[in-house]
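Good morning, everyone. Please look at the model on the screen, and then we will walk through it piece by piece.

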Amino acid sequence: MAKPQKDEAHIWFGRRDIFSKIGWGSFFAFFGIMLGGSLRFMFPRVLFEPSTTFKAGLPNDYTIGTVSEKFQKEQRVWIIRNEDGFYALSAICTHLGCTPRWLQVEDKFKCPCHGSGFYRSGVNFEGPAPRPLERLKITKADDGQILIDKSIKFLWEKEQWDKPGAFLKA
Amino acid sequence: MSEIPEQKSNEKSVGTWFLIFSGLLGLFTAGAVYDETFTRRPWKHYQEEFKTVKLQELDKQLQAAKSEADSTQIAELDKKIQEESKKLDAPEFKTLGEKIKNLNYELADLETKSKFEKANSDEYYYFFKHALQEGHDGSAYEQKLRETEKIIEELNPQIQAKKDEIAQAMLPIDEINKNIKALQNEKNVLEEKIIAIQEKIEAASHLGVEIKQFVLADYTKGNFSDYLPKVERCQTCHAGINDPVMAEVTQQPFGFHKDQHELLKKHNIEKLGCTTCHAGQGIALTEHDAHEGDHHWLFPMLETIQDPYTRANTDSTKITKHDYTQSSCFKCHKTANYLPGAEVMLTGKKLVMDLGCNGCHALPLEEKLVKNGPPLNAIAKKTNPEWIATWLKNPRDFYPNTRMPDFHLTDEETESITAFLMDLDKTSDYKPVTGFVSGSASNGKKLVEEIGCQACHTVGDKFPVSNRLKEGNGFGPDLNKVGTKVNATWLYDWLKNPKNYHVESRMPSLRLSDSELQDVTTYLLTLKDTNYKPTVTLSSLEDAAKIEAGRKNILKYGCYGCHNINGTENEGNISVSLADIARKTTEELDFGDRLQVENPNKIEKTWQDWIFHKIKEPRDYTTERIKSVMPSFGLSDEEAHALTVLMKGWILDFQNQEYAEHLTPEKKGFYEGQNFIRQRNCVGCHLFEGEVGGLIYSHYENPDEAPPKLMGQGDKTQEDWLTNLLNNVSPIRPWLKIRMPSFGFNNEQVTTVHKYFQGAVGKEVGQTYFADFKPNPENLKAGEELFNIAQCTKCHLVNGVAGKSLDPSSLAPDLGKAKTRLKPDWIVDWLKDPQAITPGTKMPGFFYYDESTGERYPLTQEHFEGNADKQIIAIRDYVVSLSK
Amino acid sequence: MFNFSKVTKSQVWESVFRHPYEDTNRNRMLQILDNVFLHLHPTKIPRYATDVGFTWGMGGITFLLFLVLTVTGVLLMFYYRPTAEFAYDDMNYLQHDVPFGLFMRNMHRWAAHLMVITVWLHMFRVFMTGSYKPPREFNWGIGVILLTLTLLLSFTGYLLPWDQLAIWAVTVGTNMARATPILGHEGPLGPELGMRADNDVRFALLGGTVVGPAALMRFYVLHVIFLPIAISVFIAVHFWRVRKDGGISGPRPSDKKK
């Protein structure tokens, strides 16, 4: 074997082995793409999971100053209509996850498990619950219905209740 | 080993091969990535384009809304809002703002402190309780707990005081903000439309690229009765299909669903998906896979299906392209007879019922189908053997529009069948009434034209038969050649009482007197076919062998499928069941020689081409080995197309019945009745719901001389009255020349008629009215006065007594029958606004309704203090009390 | 220009590639000996074994295809649920929306078809070169078992898409098992020995009397667990015997002398 004339060892590709490099390059490109493809394969485009969003009817279905328990059983969500608009509260007690009850006369949510109490706004004021109820994303769908997305939450303690989506103006 | 000489290593280079193969590998990999990213994901591109198109559309709408809005008023409000907000810039508010800011900081400090103490308190509480639980000494924690609780208690009033202070300071600012808000609200009301569009633009600008799908979890059942989910992704590309914003957009595939019959309102896409109606592969994401698939596939999108008719008519009308979609309607609306938008499919269904396909095939129809032709047991008394043979040889030579198909019989077969039919008379006990003597043909002609024969039959050349459907004057046989066909005694007997010859005949009695009967019979016998020539020479019809051969031919061709023939009562369907015909693949259909390249009648190898040509030329698939006996019906391309469309929906599907049309008893009865009024050709004379029927109306120049329209009849008349009318016809409108025939319906059939009328207005069958009608005398007195003021007797009869009417054609129904005939609510509605119920009626509206004020003007001011509603009820009560 | 020698001289590189690529006899041997993946391969092979015209490389290609099938098969298992409700739909999801899903599925399918072909060609070559003769007659027997297992893998995989083609093809295929002598209810002596449709060998294969949900589950377990393990064991023995029987058979010594 003749010794290389110049320091060919330091050159990434040269005249002598360009085809060899192309060959190996294709080969590793194939492996790389196969590996990448296999990884991408693990992330499907669609899921067959229950939808986190639901349509809650037209805004006119709700009277001002009421707490709607229409979706409490099915979705664990209360929809509250006040003078300015709507917000959706997650009906999960922040203490240990029971479903509180809405007491119309006392104007509060009361958890039957350990007695946590929440104002209409969702803020806790009695019992062991450490933080207010969570608000859920509420928007208007294309067809005019109220659209609630349970996967996006707004927490009072993170001062997210003022963010867009936490409240739907009438 | 030592024997084998030392070998040098193989130094032959395989570098070239390595380069070639690795190059190929690289190329194919790159190709696969390209295919994965672009070729197979056209929806990415579509959705990006959709976003652009939707935003453009919204922008257009926004501009329109802006130009519509009252800009001067908005500008004024804007100015006011600016003025109000400027107030806040005043120096005193600036210092106030600083103050409030500081106060807020102080409040925040206090609240943070409180929160931390609360957290500490919770922690100590936990350790304290935990210590007790574990049996340790928790007093240290208890002490700390009490301390933190005390701090919190002390902080609370401080926080409250700070809050109050802030609220106090905020008062003047709040005042201004309140004003601004009020103005803003006012502006929002004016800009309502604009804001709504802006919200949509905001939402549309966040549209991402993703697969959109519906999952119908329980749509179909699999082979093992397990529910299979059905996934619909059509909206991934057809993104605007359910989006009202895209209503005006025509660019495909983004357009809004074509919806002239409000289909989407009745068929929720989210519940039914798209492929339920359109077929195709909902899960697929490329156009080809979703729409057409490969040629083995049974369910390509119905819009892609083409038969010879649609191929020939693609240019002239775009509608034919969508005809096959109608076949899906059949899957759920099996018993419906009138569906807007499904006209082609329903034409096919009418043809199936009228042509009598049920004679030979089992069909997936739920209607009760009867034999389509007349009984043949006594045909020897009805006509003569020469005519029978001529008719059998080719029925359409005699009546071009007949529904009797051509069996392409040989002379020998024709003669044998004729011999058998003549011999069949021995088994019949039919005896025609005697007493026919010739009458006046001209009087007979007048009667035929007046009493309504033309509602069902073609007589004369004024109103030609339109098509092969049993509708209007195509319902019964063409009478223009009847003189050549029938014997005088038979015809006289038939007109006198059709049930004597054929118990199940649909021909009604028209209550003709004996002399009228003689006139009509004489007239009809003069109608002869001048071109008639017997085509088969008959000899020795009494030959027993010939008769036996005829019997065998009858069984071979299945004549008993449509005709009652004694001795064939136990024979079954001669041909295959068509209930699952749409599931047949082309491999299961025998195309005979019609796929051969050199065949001038070569057809395409598709399901619909096979069916289409089978219907049109039934014998053309015959080869030397496979014979077929299906007769030809002489159908047009259009009719064959309608039948093919219908049959495309004949598939035994494992579809969950929850998805099918839910039929209330009323609706079911309505459909049953719809079918019945067609089967009895009620539609020949009367007009029914949905503008169906009234086929005879074109015969009358004056609409008042035509038979009445029966829309909303269920609201109008009582069932008992209608039962009585059908059983014992007595004319209600004495001025009409056309006669309501006596159909001789049995109780079941009468109930079916009730079901139609009541079902059409959504009511139950079996109600009674005015059973305990006791109006108070005051009402009656007022009613009588109003009755006279309105001069009701000027047109109406009362218990058979005519009032002051001048012209018989302006006569109106007898009010003496109101109590037994009409429904109470209908009389009120009728008096309120007759034109709303029967547009064009001669009944005047006495109580004008002013739409702008919402008030109804009374007839007089004296009665009931001018209350129109009370006056109407008084008239109603008086009219009802007139009944004897 | 990037100085590549810095990388090749690094400790990481040298810990992985223990020998410099110098084309000496010793190095060639060490490369094979030290490589876990090539360990099954003999350190030295005769000259004629590298001749494509002589071996066709069919055994190696078959093994490569087996590896491809294993990798793609495992990936497909992430999405495929072998139950009657979901099997067809899962196949459809792979086909239409899973990224590279169709690619993986088609690779699995084509590789399976190819493997059957290459196994036959390998066997043909072995027969034509007389390589089944002593001392290699036992390995020929192993080869026949491998052929059977390949065909069984192919057949069991056929049912898994759960479409009409799959169900009817497997119905036809398993109907042949009815006629198995003694063990099939339509085979010779079967009925006499009490074989019925619900207790014969076909029943055992299908877990029922028709190709139903139970058959799908059985075929799945056979396809992804039982048969692959069995074929792996036999492949190992096959390779091992190739070496122990004196490597790849060569031309007759008389021919070699030429």
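Let's start inside chain B. The largest nonpolar core has 55 residues, and F420(B), L421(B), L491(B) and V520(B) touch the most other members. By nonpolar core I mean a set of buried Ala, Val, Leu, Ile, Met, Phe, Trp, Tyr and Cys residues joined through C-beta atoms within 7 Å. Buried means that 20 or more other C-beta atoms lie within 10 Å of a residue's own; exposed means 12 or fewer, partly exposed is in between, and C-beta atoms are placed from the backbone. Domain 3 (379-412 + 427-557) and domain 4 (665-760) of chain B each give this core at least three residues. Apart from this core lies another, of 37 residues, including V344(B), M345(B), V352(B) and L578(B).

A word on the ground rules. This is a predicted model: local features need pLDDT of at least 70, side-chain atom pairs count only at pLDDT 80 or more, and totals for chains, interfaces and linings use all residues. Residues are numbered from 1 along each chain as its sequence is written, while chains are lettered from A and ligands numbered from 1 in the order in which they are written.

Back to L421(B). Which residues does L421(B) contact, leaving aside neighbours within four places in sequence? They are L376(B), I379(B) and I388(B). Contact here means that the C-beta atoms of two residues, placed from the backbone, lie within 7 Å.

Now the domains of chain B. There are domain 1 (70-190), domain 2 (214-322), domain 3 (379-412 + 427-557), domain 4 (665-760) and domain 5 (777-881). Such bounds come from an automatic or database domain assignment. Take domains 3 and 4 of chain B: their centres, over C-alpha atoms, are 27 Å apart. In the contact between them, 16 residues of domain 3 meet 15 residues of domain 4. The domain 3 side has seven nonpolar, four polar and five charged residues. For these classes, Ala, Val, Leu, Ile, Met, Phe, Trp, Tyr, Cys and Pro count as nonpolar, Asp, Glu, Lys and Arg as charged, and the others, Gly among them, as polar.

One more residue in chain B: V798(B). V798(B) sits in the loop between α31 (777-789) and α32 (818-821). Helices (H or I, at least four residues) and strands (E, at least two) are DSSP runs, numbered from the N terminus. Is V798(B) buried or partly exposed? V798(B) is partly exposed, because 19 other C-beta atoms lie within 10 Å. Not counting residues up to four places away in sequence, V798(B) touches T793(B), D814(B), L815(B), G816(B) and L882(B). S505(B) is 293 residues from V798(B) in sequence and 38 Å away in space, C-alpha to C-alpha.

Next, where chain B meets chain A. The contact involves 17 residues of chain B and 15 residues of chain A. On the chain B side, α1 (15-39) and α6 (192-204) each supply at least two residues. The largest share, nine residues, comes from α1(B). By class, the chain B side has seven nonpolar, six polar and four charged residues.

On to chain A itself. Its domain assignment gives domain 1 (13-41) and domain 2 (53-169). The C-alpha centres of these two domains of chain A are 56 Å apart. Chain A also has an open, antiparallel sheet of four strands, in the order β5-β6-β7-β8. Strands β5 (101-103) and β8 (124-126) of chain A are at the edges with a single partner strand each, so one side of each has no neighbour in the sheet. To count as paired, two strands need at least two bridges found by DSSP. Two bridges join β6 (residues 108-110) to β7 (residues 117-118) of chain A. Within β7(A), G117(A) is the bridge partner of K110(A).

Last, chain C. How many helices and strands does chain C have? There are 12 helices and zero strands. The C-alpha atoms of chain C fill a box of roughly 70 × 55 × 25 Å along the principal axes. Buried residues make up 27% of the 258.
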